[in-house]
Amino acid sequence: METVGDAGVIHQADAGDAAYDFVVDDVSKVFAGATRVQALSNIDLRLKRGSFTCIVGPSGCGKSTLLRIIGELETATKGTVQINVPQSKTPRSAFVFQEHGVFPWFTVLQNVAFGQQMASVGKKEREQNARRWIAEVGLTGFEHSYPHQLSGGMRQRVAIAIALLNSPRLIIADEPTTALDVTIQGQILFEVQKLCRETGTALIWITHDLAVVAGLADRVAVMYAGRVVETGSTADVIGHPMHPYTHGLIASIPTPESRGRPLMQIPGMTPSLLNLPRGCAFRGRCPRATDACLAEPQPEQVRPGQWVRCWHAGGPRNP
Amino acid sequence: MSAERTSDMPILALSGIELRFVQPLDLAARIANLLGAGLRTQVVHAVAGVDLEVRPGEVLGIVGESGCGKSTLGRVVSGILPPTAGELRYRGVSVAEMHGPERRAYELGVQMIFQDPQASLNPRMRVRDIVGEAPVAHRLVSRREQADYVAALMRQVGLDPAFAQRYPHQFSGGQRQRIGIARALALKPSVIVCDEAVAALDVSIQAQVLNLFARLREELNLTYLFISHNLGVVSHVSDRVAIMYLGRIVELATTDDVFLRANHPYTQALLKELPTLATGRRAYQPIQGELPSPLDPPSGCAFHPRCPHAMPRCKAERPLLRQIAPGHMSACHLNDMGA
């Protein structure tokens, strides 16, 4: 099914789950408080080591919740997350958040070494390790600076060095570059991706802007209202989007060529997770919606490795 | 009005605009100085000599990395910050010399839309008051007409007038940005300064707001100053683009000239990193290093430490913004080499 060397997500387990290093199986999450929020519904993801997966979706579609479940910060209401990597000393996963998690009262070196200090690694060894990763993210010479003396991009690099230090098997990046300039975004993304390839670490990157990751990610999963609505290789999803939401997302990116013309826009807003519509959640905004959409669409394979949840999957068409 | 007579006259003209932020020494530093520490006041040249003309009805994009002074420039233009030096002219009259009704006309005529709609809307005010307070205070409408006026504005920006009694937190991010737009439009401005107005929005919502900007421009004959770090957005909306680096404009040209025939090495480097949907493996050639601190800008051309074509002259002498083709200005010594 998958071509040799292709790594990343597929929607359903054909080759057997053992072939993948990270298996997210039918995960659902309900926040049941005063109101019931269906944050995630039946998510299936498969990841391989050294792969770069990008998760795209609007705010509030559940992408952060999914990553918190994969990173064990949250438990799933239903479904499992398995990791088929032989047990070793390395931690399962490390996070990089939008707000760089660095201690303001520590220097860069102390910040990076802190994790190993907590793991009782000797001072000499942990400083040596920390210096190595500081050099890898290009901050040599700033070891003794405090976070407030660094720019936003540099602070984010410190957070990345902290994540990489213990050689985790999976790095989960939750919109880590959204607050940065486009110039710095690409630069950081490129470097992280390179380091993950070299160390065999899987990388999941959350964003709401496909253009930033298009040239780098192996696979893309598009989320909408708590569901993965389309997934496939980056070239397939961006080159031949089959779900109407993905198509709208790609067409609404402004470019020099779109000047003077109105951008294609998806009407309306993301539905509230408090009160999801019956059937396909995109139905209310979808130009292709029919009565069939009142029933929940199941993932369907449209091309090898590309799966879509839509009754009317197909390329862009004129309304 | 004189502006109607001469439509070619720039609606806004900036000459030699400078803005310096000075941080005076605090008590501890002054005591340390008595003991011979030799600390000096810190001066940030946020905007260091900008000459710019904005023509009526155009969209001028201002692009640069964080900290290059583009937002500060927007605040100077909209009258929030008075410039330290230089002259700002609105419809041909110097703003510093304006008084009374003339001054009022400028203050109402240039409105601003901010990046973070959450932070720029008063959480304790209802939409009716956020949008309707200023036009009543400035007697553009009477209090009796306020409700109708607000409803018309809300319809214009694509909000349901039934929501006028709601508070900002009851809206989504895109809707809140529409409230900010309605608030700016309420004063019937001729110029709108958009400071990263779509940066906080999702791509699909961003497209809705950008289309709204385009529609309002047609309907109300607005002039926009569109400040953003996102080259894709700027290329989509702008007629002309100014590229800023460390408080100065380094290149100014039509959007086509900037995107197809970029002259300044900094612009060329920025364009290389324009995110596109091309899915081929990308090899990054990132601009070396990051923006230097405006506290201590490099000598000569501020870009020379990061520039691949830097020459000894770039370190010694600051290049001036000169015309290199009709309507295409650039500040780079390389342009003297070919001549």
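**How chain B is divided**

Which domains is chain B divided into? There are two entries to keep in mind: domain 1 covers 2–245, and domain 2 is made of 246–275 + 288–339. Bear in mind while reading that this is a predicted model.

The C-alpha centres of domain 1 and domain 2 of chain B sit 26 Å apart. Where the domains meet, 25 residues of domain 1 of chain B are in contact with 26 residues of domain 2 of chain B. On the domain 1 side, strand S2 (42–54), helix H10 (231–237) and strand S9 (240–245) of chain B are the elements giving two or more residues. S2(B) has the largest share of that side, with 10 residues. Sorted by type, the domain 1 side that touches domain 2 of chain B has 13 nonpolar, 8 polar and 4 charged residues.

**A helix pair in chain B**

Now for a look at two helices in chain B. Helix H6 (residues 127–137) and helix H7 (residues 146–156) of chain B have axes that come within 9 Å and cross at roughly 120°. Angles of 65 to 115 degrees would count as roughly perpendicular and those over 145 as roughly antiparallel, so H6(B) is oblique to H7(B). Their crossing is right-handed.

Who does the touching? From H6(B) come B:Arg128, B:Val131, B:Gly132, B:Pro135 and B:Val136, while H7(B) brings B:Gln146, B:Ala147, B:Tyr149, B:Val150 and B:Leu153. The residues of this H6(B)–H7(B) contact split into 7 nonpolar, 2 polar and 1 charged.

**A sheet in chain A**

Over in chain A, 3 strands make an open sheet, ordered S2-S1-S4, with antiparallel pairing. Strand S2 (36–47) and strand S4 (78–83) of chain A are at the edges with a single partner strand each, so one side of each has no neighbour in the sheet. From one strand to the next, the twist averages 20°.

Strand S1 (residues 22–32) of chain A runs antiparallel to S2(A), and 8 bridges join the two.

**Where the chains meet**

How many residues does each chain put into the contact between chain A and chain B? Chain A puts in 39 residues and chain B 35 residues. On the chain A side, helix H4 (152–165), helix H5 (182–199), helix H6 (210–213), helix H7 (234–239) and helix H8 (244–251) of chain A each supply at least two residues. H5(A) gives the most, with 5 residues. By type, the side of chain A that touches chain B has 20 nonpolar, 16 polar and 3 charged residues.

Terms used:
Residues are numbered from 1 along each chain as its sequence is written. Chains are lettered from A and ligands numbered from 1 in the order in which they are written. This is a predicted model: local features need pLDDT of at least 70, side-chain atom pairs count only at pLDDT 80 or more; totals for chains, interfaces and linings use all residues. Two strands pair if DSSP finds at least two bridges between them. Helices (H or I, at least four residues) and strands (E, at least two) are DSSP runs, numbered from the N terminus. Axes are lines fitted to C-alpha atoms, for helices over the stretch in contact, and angles run from 0 to 180 degrees between N-to-C directions. Two residues are in contact if their C-beta atoms, placed from the backbone, lie within 7 Å. Ala, Val, Leu, Ile, Met, Phe, Trp, Tyr, Cys and Pro count as nonpolar, Asp, Glu, Lys and Arg as charged, and the others, Gly among them, as polar. Angles under 35 degrees count as roughly parallel, over 145 as roughly antiparallel, 65 to 115 as roughly perpendicular and the rest as oblique. A crossing is left-handed if the near helix is turned anticlockwise from the far one by less than a right angle, and right-handed if clockwise. Domain bounds come from an automatic or database domain assignment.
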